[in-house]
Amino acid sequence: MGEKTVDGTTVTMSESYCSGSALYLSVLIESEDPFQDTFKNESGQPSICIQTTENYSFNPQVQNDLVYLEGEFLDDNTYTGVMRIDLNMKNTDATELEKKQAEAEAAGEEFMVDAEVVKQYSTKLEIPEQFTLNLDISQIIGQLAEPDVFDTGYTDEELEAMSDEEWKQVMTEAENEGGWNSFPNSHENWWMDGSWQFELDIKADHSKVQTAEVNQMNEEGAGIASVVKTPFELTVNELYEDESKRADYFPVILDAQGRAMEVISGNVNTVPVKNYDVSTVYVYLCDYMEYMDELKGHRQEDGYKALIDEKAKFATEVHFD
């Protein structure tokens, strides 16, 4: 798909997969200089993100994003990963909304943006089966494994003796002078400046999408409509008799071995399938507060499945080829 080199760092896009609603791009990063030690999350993956500018052929508005990669280091100089783009977040044309905001700012007027205003001045676009993406990666950013410790120059006792106003002033000055309030910053991050530019032709492939219909609810009217699997991810679609009940529940997804599958991109209904056995998937709806207060902290422990089996308000299992 393409290879670009900037200042000794080569970024290669070798493969894409589009399910129609999500786009996955394989990313290989090769650096002449070794990567700095990088923080790893609970799943053991290095915390690396990229600053992007994205121009889709179906949307006249340019998109800017910060995308976290899923992947690993092959050696000190090579990283391989996948970037996921939620296309349902890329098909809104808000050109008119931005125009209204600019007009208000020029006139010195306040322009309040709420859900109704967004709906009025933006247009939802159809995602075509085939499109072009001009992708510009301006920065590659990693989180340092051993970041600096924030220091105001004052002792804890001196900070505690300050008034709220004095404390805020000291903190603000320390953040500004040390560059802590910028991203990325040298205290917490390493980064590489681009840009690496790619023109990608994308075509949706629905042949690799498997959908397991469930369409079951508990006595309270909460359940699962379906579970959808692609080569890269698995998505649970919840089902409610009354949509207002959705906020009362939290979905939990376990693989065939009873391991908790970790969410991606902040969407609690979507999990990556890599490194998981998804021949069978156990899907639950838990009471939201009980999950947050009691169940969440046990995700990595042995016996987690038995705990969820006992506590869940709805449970089902689905099978995939």
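**Exposed spots and surface patches**

User: Why is Asp37 called exposed?

Analyst: Asp37 has 62% relative accessibility, and exposed means over 50% relative accessible area, with buried under 20% and partly exposed in between (1.4 Å probe, protein chains only). So Asp37 counts as exposed. Bear in mind that this is a predicted model, where local features need pLDDT of at least 70, side-chain atom pairs count only at pLDDT 80 or more, and totals for chains, interfaces and linings use all residues. Residues are numbered from 1 along each chain as its sequence is written, and side-chain values use heavy atoms, leaving out hydrogens and water.

User: Where does Asp37 sit?

Analyst: Asp37 is in the loop between strand S3 (22-31) and strand S4 (48-56); strands are DSSP runs of E, at least two residues, numbered from the N terminus.

User: Why is Tyr68 called partly exposed?

Analyst: Its relative accessible area is 48%, so Tyr68 falls in the in-between class. Tyr68 lies in strand S5 (residues 63-75).

User: What does Tyr68 touch, not counting residues up to four places away in sequence?

Analyst: Ser47, Ile48 and Cys49, where contact means heavy atoms within 4.5 Å.

User: What makes Leu66 partly exposed?

Analyst: Leu66, also in strand S5, comes out at 31% relative accessibility, so the partly exposed label applies.

User: Which residues form the nonpolar patch on the surface?

Analyst: Leu66, Tyr68 and Phe183, with about 290 Å² of accessible area together (areas come from the Shrake-Rupley method with a 1.4 Å probe; for residues, only the protein chains shown count as cover). Patch members have over 30% relative accessible area and no salt bridge, and nonpolar side chains (Val, Leu, Ile, Met, Phe, Trp, Tyr) are joined within 5 Å, like charges within 9 Å. A salt bridge is a side-chain nitrogen of Lys or Arg within 4 Å of a carboxyl oxygen of Asp or Glu.

Notes
Helix = DSSP H or I, 4+ residues; strand = E, 2+ residues; numbered from the N terminus.
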